[in-house]
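Hello,

Could you have a look at it alongside the text and tell me what you think?

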Amino acid sequence: MLDDYDEYLTFTLDKEEYGVDILKVQEIRGYDAVTRLPSSPNWIKGVINLRGAIIPVIDMRIKFKLGEPHYDAFTVMIILNVGGRVIGMVVDAVSDVTRLTAAQKRPAPELGGGIDARFISGIGSIDQRMLILLDIERMISSPEMALVDDDD
C-alpha cells in the first residue's frame with residue numbers, strides 16, 4: 001500500500017535534525033537579506049518580497065534558543081504555506097525528503113521544565129537517526145507568533 005507513510009522535508013538546526021510536513025513546503029531558497037521590522041521579536045528576522053508578496057521570515061535557530069545564528073552557503077529559507085499564509089523559515093541546512101511510516105513515529109515526549117515541546121508533533125526514527133517532527137501549524141498559529149488568523 002502506498003499511502004502508509006508521510007513525507008517530511010528534513011533540515012538541521014545546530015546539531016539536530018528536524019522534519020516538517022512536505023505538503024506545507026512551497027519552495028526552498030538560498031538565504032538572502034531581509035528587511036528588518038522595528039519592534040519585532042528577535043526571532044522574526046524581517047520580511048522579504050517574494051514575487052510581489054511581502055512575507056515574514058522566522059529564524060528558527062533564534063526561535064528555539066539554539067545559540068547565535070550564523071549564515072553561510074548552506075543556510076536556506078524554507079517557504080511554507082500554512083493556513084493560507086506564506087512564511088519563510090531560516091534553517092542551517094536542508095537535508096532531504098524522508099518518508100516515515102506510522103511505526104517509525106513516536107509521540108512527542110513529556111519534557112517538563114524549561115523545554116517548550118508545544119511545537120513538536122513527535123519523534124521520527126530512521127535507523128540510528130532521530131528526527132524531531134515539528135507541528136508547524138501549531139507554531140505559526142500560536143499567540144506569540146500571531147502569523148495566521150484563527151478563523152474557525
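This is a predicted model: local features need pLDDT of at least 70, side-chain atom pairs count only at pLDDT 80 or more; totals for chains, interfaces and linings use all residues.

Residues are numbered from 1 along each chain as its sequence is written, and side-chain values use heavy atoms, with hydrogens and water left out.

The overall picture

The protein chain has two helices and 11 strands, arranged along the sequence as β-β-β-β-β-α-β-β-β-β-β-β-α. Both kinds of element are DSSP runs numbered from the N terminus: helices are H or I with at least four residues, strands are E with at least two. Of the 152 residues in the chain, 41% are buried. Among contacts with a separation of 6 or more, 54% are between residues 24 or more positions apart, where contact means heavy atoms within 4.5 Å.

Strands E1 and E8

The structure holds nine salt bridges. One of them joins the side chains of Glu7 and Arg99, at 3.1 Å from N to O. Glu7 lies in strand E1 (residues 5-13) and Arg99 in strand E8, so this pair ties together parts that are 92 residues apart in sequence. Glu7 is partly exposed, with a relative accessible area of 28%.

Tyr8 also belongs to strand E1, and at 9% relative accessible area Tyr8 is buried. The residues that Tyr8 touches, leaving out those up to four places away in sequence, include Gly19, Ile22, Val97, Thr98 and Leu133. Its side chain joins that of Lys105 in a polar contact of 3.5 Å; a polar contact is a pair of N or O atoms within 3.5 Å, where within protein one must be able to donate a hydrogen and the other to accept it, and residues adjacent in sequence count only if both atoms are side-chain atoms. Tyr8 and Asp96 are 88 residues apart along the chain, yet their C-alpha atoms are separated by 8.3 Å.

Asp96 turns up again as a partner of Thr98: their side chains make a polar contact at 3.1 Å. Thr98 sits in strand E8 (residues 93-101) and counts as buried, at 8% relative accessibility. Asp6, Glu7 and Tyr8 are among the residues that Thr98 touches, as are Ile126 and Arg129.

Around Arg61

Arg61 counts as buried, at 6% relative accessibility, whereas Asp14 is partly exposed at 39%. A polar atom of the Arg61 side chain also lies 2.8 Å from the backbone oxygen of Leu66.

The cavity

Arg61 is one of the residues that line the largest cavity, together with Leu13, Asp59, Pro69, His70, Tyr71, Thr75, Val90, Val91 and Asp92. The lining divides into five nonpolar, two polar and three charged residues (Ala, Val, Leu, Ile, Met, Phe, Trp, Tyr, Cys and Pro count as nonpolar, Asp, Glu, Lys and Arg as charged, and the others, Gly among them, as polar). About 40 Å³ of space lies in this cavity, and the count comes to one cavity of 30 Å³ or more. A cavity is a set of points on a 1 Å grid over the protein atoms alone where a 1.4 Å probe fits but cannot get out, and lining residues have an atom within 4 Å of a point. Grid points are joined across faces, edges and corners, and the volume is the space filled by probe spheres set on the points.

Best wishes

Methods:
On a 1 Å grid over the protein atoms alone, a cavity is a set of points where a 1.4 Å probe fits but cannot get out, and a pocket is an open set with protein on both sides within 12 Å along at least five of seven lines; lining residues have an atom within 4 Å of a point. Buried means under 20% relative accessible area, exposed over 50%, partly exposed in between (1.4 Å probe, protein chains only). A salt bridge is a side-chain nitrogen of Lys or Arg within 4 Å of a carboxyl oxygen of Asp or Glu.
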